[in-house]
Amino acid sequence: MTLTPSLAGAGLEALNARVKHDLACLNLPPANWVPPLEREDGRHVYDVVIVGGGQCGLVAAFALLSGGIANIRIFDRNPAGKEGPWMNYARMETLRSPKTLPGPSYGFASLTFRAWYEAQFGTEAWEILDKIPRPTWMEYLCWYREVLNLPVENSVKVEHVKPEGELLSLELSGPGATAERVLTRKLIMATGREGTGAPKIPDFVAGLPESSWAHTADDIDFTALKGKRVVVVGVGASAIDNAAEALEHGASEVRFLIRRQQMPTINKMMGIGSYGFTHGYATLPDEWRWRIMHYSFITQTPPPRGSTLRVSRHKNAYFHFGCGIENIRVEGSEVVITTQQGKQVRCDFLILGTGFEVDPLARTELAGYADRILLWRDRYQPPTELQHEELGNFPYVDRDFAFQEREPGAAPWLRNIHCFNYGASISLGKVSGDIPGISEGASWLAGAIAAGFYREDIERHWQLLEHYDSPELLGDEWEPSPLP
């Protein structure tokens, strides 16, 4: 069979063969070079444990394996095929990102979404495709995991992490766990958008019964909203997507209560995305990094056009701007909301499209020492006009994504926990969560971990250098000649 260079229409079997050939041409993965760490008690020590088997965890694992770091494990709390948000609380029809982005391909054309899609459906189907459907992206990630043979262990939750000497001890739970604890030298938190915090729950819902409201990250029974009046707080992408789900499941009306006066329409970060930004942002002084991210936060990212049209095509969808919430109470089966305009809105169910907050103290894995993590507010004090409490809560991570200590010497093991998730974005940019930069971020991460291991193990590497005795020459390749 004659194949086009792109393998368009050739099928996944042919593409799988191409991937394996590409890896073989580059001798990937190489043999493990990290000396094993022996313990007197005989317990095995892993070099790296990755928490999260979604797109960031997968490309981080591939980067480590490509660098000859093979003594790793990958844990994900969800069943296979449910890693990340895509088949859980993500409810958009398509991804926001352009279909042409290389994503987690790590520089391999054969590992791109395009190669995977074209191999199955052909070039014409690729040209017709506008945005990537959300379930299709999940199918691609499942293939990526399979073709690279990445050892994700599903239904395993990391409950808590604590130091054990120079190592980290991980407490595990879940039906997939094969042990209660494992030891590792390094931990990568590839835990996505909520990876260094939790869903943001406003105080005004504190007095409401749990049955009357949900966050967009919750498992919402949209079929139960048929014929119901729904209020959505916020107008970001998740708010829009959840409103669309409610409308498509027969909600009698959906009203957005939006604090700002008008809809954001421009995604400012799209205007500066480049190779220079990806690699240069992390090298900027604090004042510039803060200034850029502050501007991004206050201008806000608009919801995608397609998602917004998905809502507005319903005549019973209403966008109310300048309607921040003053207070909420329950009257019988109704939720009564008083807005900052002094007007009341009544509904049967409330959906919080309030996003996620960055707060290391909210992570149970870090309980007991999260308050020792250096945050941006500890490191940088912006001018009055650029004050922003939420930005100040982000961890101030090093170039290797590692947490740093608030007080030097108080928690030295923090340098062994790498924040490869949204929490690193103020420090390093969009390289640890968003599709455009995750391969670059994974490369930085793996390279830094490799360098750290080599420094830490330099005595053993020196011994290997001294003891290496495989000769290149056997002594029969020449004859000594006397001077004439």
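Select Lys186 to start: this lysine is buried, with a relative accessible area of 6%. Keep in mind as you click around that you are looking at a predicted model. Lys186 belongs to strand E6, which covers residues 181-189. Leaving out residues up to four places away in sequence, Lys186 touches Asp47, Val48, Val49, Arg415, Asn416, His418, Ile449, Phe453 and Glu456.

How many cavities of 30 Å³ or more does a search of the whole structure find? There are two.

For the largest cavity, select Leu95, Ser97, Pro98, Lys99, Leu101, Ile132, Trp137 and Ile435, which line it. Its volume is about 50 Å³. Six of the lining residues are nonpolar, with one polar and one charged residue making up the rest.

For the second largest cavity, switch to Gly53, Leu58, Glu83, Met138, Leu141, Cys142 and Arg145. This cavity has a volume of about 30 Å³. Which element gives the largest share of its lining? Show helix H4, residues 134-147: four of the lining residues come from there. By class, this lining has four nonpolar residues, two charged and one polar.

Check its backbone: phi is positive, about 55°, although Asn149 is not a glycine. Is Asn149 buried or exposed? At 65% relative accessibility, Asn149 counts as exposed.

Jump to Gln300, in the loop between helix H7 (286-299) and H8. Gln300 is another residue other than glycine with a positive phi, near 65°. Gln300 is partly exposed, with a relative accessible area of 33%.

Follow the chain into helix H8, residues 305-312, and select Ser307, Thr308, Arg310 and Val311, which are buried. Turn the view so that you look down the axis of H8: the buried residues fall within an arc of 150°, so they line one face of the helix. To see what covers these buried residues, bring up elements including helix H5 (237-248), strand E10 (253-258) and strand E11 (317-321).

Take Cys347, which is in no disulfide: the nearest cysteine sulfur belongs to Cys323 and is 13 Å away. A disulfide is a covalent bond between the sulfur atoms of two cysteines. Cys347 counts as buried, at 0% relative accessibility. For contrast, click on Cys25, which is exposed, with a relative accessible area of 53%.

**A glycine in a loop**

Move on to Gly353, in the loop between strand E15 (349-352) and strand E16 (356-358). Is this glycine buried or exposed? Gly353 counts as buried, at 13% relative accessibility. Show its contacts, again without residues up to four places away in sequence: Gly353 touches Thr216, Val233, Gly234, Ser238 and Ala239.

**Last stop: a cis peptide**

Finish by selecting Leu28 and Pro29. What kind of peptide bond joins Leu28 and Pro29? The bond is cis, with omega at about -5°. Pro29 sits in the loop between helix H1 (12-25) and strand E1 (45-51).

Conventions. Residues numbered from 1 in each chain as written. Predicted model: local features only at pLDDT ≥ 70, side-chain atom pairs only at ≥ 80, totals over all residues. Heavy atoms only, no water. Helix = DSSP H or I, 4+ residues; strand = E, 2+ residues; numbered from the N terminus. Buried < 20%, exposed > 50% of the residue type's maximum accessible area, 1.4 Å probe, protein only. Contact = heavy atoms within 4.5 Å. 1 Å grid on protein atoms, 1.4 Å probe; cavity = no way out; pocket = protein on both sides within 12 Å on 5 of 7 lines; lining within 4 Å. Points joined across faces, edges and corners; volume = space filled by probe spheres on them. Nonpolar A, V, L, I, M, F, W, Y, C, P; charged D, E, K, R; others polar. Disulfide = S-S within 2.5 Å. Arc of directions from axis to C-beta.
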